[in-house]
Amino acid sequence: MNNTVLFYIVIAGVAALLLALFQYMYKSKVKSNLKYSLTALRAITIFGILLLLINPKFESNTYYDEKPTLVIAVDNSESVSYLEQTDNVNSVLDAISNNSELNERFNIQRYSFGKSVNSLDSLSYDERQSNISEALKQFGEVYANQTAPILLLSDGNQTYGSDYSYISKTVGQPVYPVILGDSTVYSDLRIKQLNVNRYVYLKNQFPIEIITNYNGTESINTELKIWSGNSVVFRKPLQFNENKTSEIVSTALTASTVGVKTYRVELTPLTNEKNTVNNSKNFGVEVIDQKTNIALVYDRLHPDLGALKKSIESNEQRSVSILKPKDYLNTINDFQLVILYQPNNSFNSVLSEITKQKLNSFIVTGTTTNWSLLNNSQIFFKQTITNQTEDFQPNLNRNYNTFIIDNLTFEDFPPLKSEFGNLEFLVPHDVILTKSVNGIDTSQPMLSTFEADNTKHALLAGEGLWRWRSQAYLNSESFNDFDNFIGKLIQYLGSNKKRNRINIDYKSFYNGNDDVIISAQYFNKNFEFDNSAALTIVIKNKTDDSVREVPLLLNDGNYRVDLSGIESGAYDFTIKHNTESVSASGSFEVLEYNVEQQFLNADIDKLESLATASSGKAFFSTDINGLITDLLSDNRYATIQKSTKNIVPLIDWKYLLALIALSLFIEWFIRKYNGLI
């Protein structure tokens, strides 16, 4: 409360007293001692009202102690149990829980992590991936405004995510790795990495690159073999010693038959080698007998051309040629699909040939599109020509039912620039994206698909597609989601198959640590998406003929089942409706590989590097007492006294209002009782 407010309060007090004296003392008819009581009551009333008008504010400070937080993050991946460290984890957790000084000094928060972070209820050590960097990043965000050292109980063997030894600045907290694992160095052979294309073409050779590692001091001989079933298709002798610890082996195999082909790479183990699991690795390729050739026809260079080519060719089954209209007409029979980028007058002959030969097409329009030409060259849609452009945001139509759209919401995607005016379809069509301006959906189509005269087409009203691909990368640090979306659109346009009431989305084979997810869409007889269907997947193991049934759950507009953790092998599956005779079938193969069993020791160097960079310190699980002593003696983790300031205006003080009302009532009662009113 400042001096000005105090001055006003004094003035209010004097004014209240003077007014009360004037009423009851100056020429007053009240002669008894009642006038003094009435004067006091009237002064209180007037002073209270004036105080409410001045409304002074009162400050109060509340002090409290804030203890630092101790974050305990436990690696719940399979490698911890594989390295026989579960007892050490339990002993560390028990030592922390039973230390009264540590519990008094810190607020202890416990978490477990594998591929994602969870609250620590119990440890199962069944996580098939470990992402240490993502766990540390999340802890840094949650405890950004607190003092919160992190105890990381892990073997340091990360199988997923970015390198965690370089993210200490992002975390912003000291990290104390508790190293789980043996520091003893054993002689070990290992297939560190295997590079091979997922798709190959019939009768073609496909390259294989194998990176082999040796950990040891002796000179040894081994042999690398590649098996196809029970036959060895490649072999090479290898030699390693203390100085030569790695060798890259490159070869090529021939794809002779169509379908999924599995192979096994194997290093002959050493005598008494402790870990032989990492001596072999399975891989698969899908052999296809045809490549989809796509023509991207343009007359004006634009970044969208490169973005489309990159997205489409992310699937090795597809090839994109960027051509001028005349060049495309000369090679029109070489392509299964044509993309027309911003057609203008030079596209006249191309549009005529597409109509004449009944070709599937994908038209992308923008600021230089000749809409007059487009309106006159086809009978599927008409655009009102205004010669004005506008920036439109995309809105995803979650009821789109032609193919499955995963992982993209388009909510934060940049706007596309397109013609301002009404776009009207003259044939039945399905809208994927609508236009919105300033958050208001215009219901105008931005991206649509339609079928007419036994052909399939798509129309995108807007240029700037390259920004969408960049935004998808910013959102997920990967182009995969956007590329998959474009890939499904191209797959739909490149095929003339009839629509099914159940559409399924799956891979032909999965690596052992992949998420085995199968998605489906179910449509009623009018081909409208049905979100109340009961779907079941029946999975049959081809090896032992065992059958398993799992219900599909509705998730983000798709029916989905997660089969992660399923045993390796070949499977047939059928997705069926529980009450109708509608089904769709497929097959896939899960390759045997467990990345968490590829390690023999803890990654001590990387954990110590993380500790040093974050101003923490690394400890082995056998030295938990040293860790506790270090935490208790570190002055950075002292309890901090903080205060909160609470400012309350007088007008919120209900007791003053009650006092004013009470004084008025008593004054009225006295005057009434004594016949003064």
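Which helices each supply at least two residues of the lining of the largest cavity? In this predicted model, the answer is helix 12 (465-476) and helix 13 (480-493). Helix 13 gives the most, contributing three residues to that lining.

The cavity itself can be described in a few words. A search of the whole structure turns up one cavity of 30 Å³ or more, and the space in the largest cavity comes to about 40 Å³. Around this space stand Phe362, Leu447, Leu460, Leu465, Trp468, Phe485, Ile486 and Leu489. By residue class, the lining of the largest cavity consists of eight nonpolar residues, with no polar and no charged ones.

Asn387 is not a glycine, yet its phi is positive, at about 60°. This residue sits in the loop that runs between strand 19 (381-383) and strand 20 (389-396). Asn387 counts as exposed because its relative accessibility is 70%, and the cut-off for that class is over 50%.

Is Ser615 buried, partly exposed or exposed? Its relative accessible area is 46%, so Ser615 is partly exposed, a class that falls between the limits of under 20% for buried and over 50% for exposed.

Notes. Residues numbered from 1 in each chain as written. Predicted model: local features only at pLDDT ≥ 70, side-chain atom pairs only at ≥ 80, totals over all residues. Heavy atoms only, no water. Helix = DSSP H or I, 4+ residues; strand = E, 2+ residues; numbered from the N terminus. Buried < 20%, exposed > 50% of the residue type's maximum accessible area, 1.4 Å probe, protein only. 1 Å grid on protein atoms, 1.4 Å probe; cavity = no way out; pocket = protein on both sides within 12 Å on 5 of 7 lines; lining within 4 Å. Points joined across faces, edges and corners; volume = space filled by probe spheres on them. Nonpolar A, V, L, I, M, F, W, Y, C, P; charged D, E, K, R; others polar.
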